[in-house]
Amino acid sequence: MIISGTTLAKELKQDVARRVVEAKEKYGREPHLVVILVGEDPASQSYVKGKGRDAEEVGFKSTTIRRPETITEEELLTIISDLNADDTVDGILVQLPLPRHIDEDKVIEAIAKEKDVDGFHPGNVAALWQKLPCTHPCTPEGIIKLLDKAGIQIEGKKAVVIGRSNIVGLPAAKLLLDRNATVTIAHSRTKDLPKVASEAEILVVAIGRPKFVTADMVGEGAAVIDVGVNRDPETGKLCGDVDFEAVKDKASVITPVPGGVGPMTRACLMENTLECFLRKMEK
Ligand code: NAP
């Protein structure tokens with residue numbers, strides 16, 4: 001079964017849109033999401049465009065602040081500080097990656113925790129690992145929602161997450177653990193990765209290598225979630241970290257690329273923005 005992230009994201013956004021109408025009636029305005037884009041990277045431009053489109057679709061006010069690659073760290077931090085202080089702004093997102101001369105950690109930390117719709121702020125990360133209320137990072141949250149939608153029971157399952165980045169692999173593993181899966185985190189130094197991966201009942205792949213996961217790395221009937229977004233070196237088309245054609249008949253469920261985790265990430269961003277707005281208004 002191929003799990004369509006596009007369909008599920010649409011449903012999730014419809015639900016957000018419905019709640020936005022209610023929230024607007026109650027609080028007199030809609031949530032406001034501000035996205036900051038530094039530079040001209042085509043992939044970042046396309047991601048930001050998509051986020052803006054989704055924000056408008058669910059009924060948010062959406063602002064994109066574009067700055068050239070030459071912006072200084074100080075200037076960027078000033079923009080963030082002004083947005084933090086602006087009561088009409090509910091969510092702030094800085095599109096990553098940033099140019100090398102800007103310290104990404106510093107920028108992420110500068111965003112007010114309450115407006116951190118990406119869930120990357122150290123305060124949100126710490127709260128996640130302490131099981132305290134927080135904004136969950138969008139991609140890992142999207143993965144859990146996809147598994148739930150596909151009817152995959154997580155509790156008691158053997159889950160393997162390949163990749164241990166702060167924004168995908170680690171938090172995805174933590175969310176699976178919180179749902180009582182037994183989780184193995186694999187990475188570039190993992191010995192005999194095919195064996196480790198093939199024992200997974202739930203396999204989440206987030207490494208950034210086109211078609212890296214081949215059929216021999218997937219156990220019969222595994223649920224396979226492909227987070228990777230790459231260009232196929234042969235065709236130039238978008239592809240995941242999983243060799244979809246080779247793996248799809250072995251997996252019980254699998255996410256496609258494009259149309260799997262990607263749209264869910266954006267839908268979860270909309271949900272996070274609404275939650276930030278509601279938390280502020282309900283205070
Ligand atoms: P990242 O920060 O580069 O991390 C990659 C991880 O993969 C690292 O932990 C690395 O291990 C591991 N890895 C690399 N080569 C490996 C190998 N040969 N065997 C086993 N593990 C290996 O990447 P990321 O930010 O997590 O992103 C991963 C992928 O997801 C990318 O394609 C990215 O574009 C995509 N992504 C998609 C979405 C979405 O919404 N769909 C969102 C975010 C990211 P070490 O730690 O040992 O170096």
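1. Which element gives the largest share of the lining of the largest cavity? Strand β3 does, with 3 residues. Keep in mind that the model is a predicted one. Each point below describes that model.

2. Stay with the cavity. A search of the whole structure turns up 1 cavity of 30 Å³ or more. The largest cavity holds about 60 Å³ of space. Its lining is made of I92, L93, V94, L96, I108, I111, D116, D118 and F120. By type, 7 of the lining residues are nonpolar, no residues are polar and 2 are charged.

3. Now look at L96, one of the residues that line the largest cavity. The peptide bond from L96 to P97 is cis, and its omega is near 0°. P97 itself sits in the loop between β3 and α4. Trace the chain through this loop in the viewer.

4. Next, the second largest pocket. Its volume is about 290 Å³. It has 16 lining residues, and D105, I108, F120, V125 and N166 are the closest to its centre. Helices α4 (104-110) and α5 (122-129) each supply at least two residues of the pocket lining. The largest share comes from α5, with 5 residues. The lining divides into 10 nonpolar, 3 polar and 3 charged residues.

5. How many residues line the largest pocket? The count is 45, and Y47, T139, V229, G262 and T265 lie nearest the centre. The volume of this pocket is about 1300 Å³. The elements that give two or more residues to its lining are α2 (42-57), β3 (91-94), α6 (138-149), β8 (230-231) and α10. Helix α2 gives the most, with 8 residues. Of the lining residues, 24 are nonpolar, 13 polar and 8 charged.

6. Two of those elements, α6 and α10, also pack against each other. Their angle is about 110°, and their axes are 8 Å apart. Are they roughly parallel or roughly perpendicular? An angle from 65 to 115 degrees counts as roughly perpendicular. The two helices are therefore roughly perpendicular to each other. The crossing of α6 and α10 is right-handed. From α6, the contact uses C138, T139, E141, G142, I143, K145 and L146. From α10, it uses V261, M264, T265, C268, L269, E271 and N272. The residues of this contact divide into 7 nonpolar, 4 polar and 3 charged. T139 and T265 take part in the contact, and both are among the residues nearest the centre of the largest pocket.

7. Helix α10 has another partner. Helix α1 (residues 5-27) packs with α10 (residues 261-282) at an angle of about 20°, and the axes are 9 Å apart. Angles under 35 degrees count as roughly parallel. That is why α1 and α10 are roughly parallel to each other. Their crossing is left-handed. On the α1 side, G5, T6, L8, A9, L12, K13, V16, R19, V20, A23 and Y27 make the contact. On the α10 side, the residues are P263, M264, A267, C268, M270, E271, L274, E275, F277, L278, M281 and E282. By type, the contact has 16 nonpolar, 2 polar and 5 charged residues.

8. Which residues does K145 contact, leaving aside neighbours within four places in sequence? They are L8, L12, M264, C268 and E271. L8 and L12 belong to α1, while M264, C268 and E271 belong to α10. K145 and V261 are 116 residues apart in sequence, yet their C-alpha atoms are 9.7 Å apart in space.

9. The peptide bond from V257 to P258 is cis, with omega near 0°. P258 lies in the loop between β10 (253-254) and α10. D192 has a phi near 50°, which is a positive value in a residue other than glycine. D192 is placed in the loop between β5 (182-186) and α8 (193-198).

Notes: Residues are numbered from 1 along each chain as its sequence is written. This is a predicted model: local features need pLDDT of at least 70, side-chain atom pairs count only at pLDDT 80 or more; totals for chains, interfaces and linings use all residues. Side-chain values use heavy atoms; hydrogens and water are left out. Axes are lines fitted to C-alpha atoms, for helices over the stretch in contact, and angles run from 0 to 180 degrees between N-to-C directions. Helices (H or I, at least four residues) and strands (E, at least two) are DSSP runs, numbered from the N terminus. Angles under 35 degrees count as roughly parallel, over 145 as roughly antiparallel, 65 to 115 as roughly perpendicular and the rest as oblique. A crossing is left-handed if the near helix is turned anticlockwise from the far one by less than a right angle, and right-handed if clockwise. Contact means heavy atoms within 4.5 Å. Ala, Val, Leu, Ile, Met, Phe, Trp, Tyr, Cys and Pro count as nonpolar, Asp, Glu, Lys and Arg as charged, and the others, Gly among them, as polar. On a 1 Å grid over the protein atoms alone, a cavity is a set of points where a 1.4 Å probe fits but cannot get out, and a pocket is an open set with protein on both sides within 12 Å along at least five of seven lines; lining residues have an atom within 4 Å of a point. Grid points are joined across faces, edges and corners, and a volume is the space filled by probe spheres set on the points.
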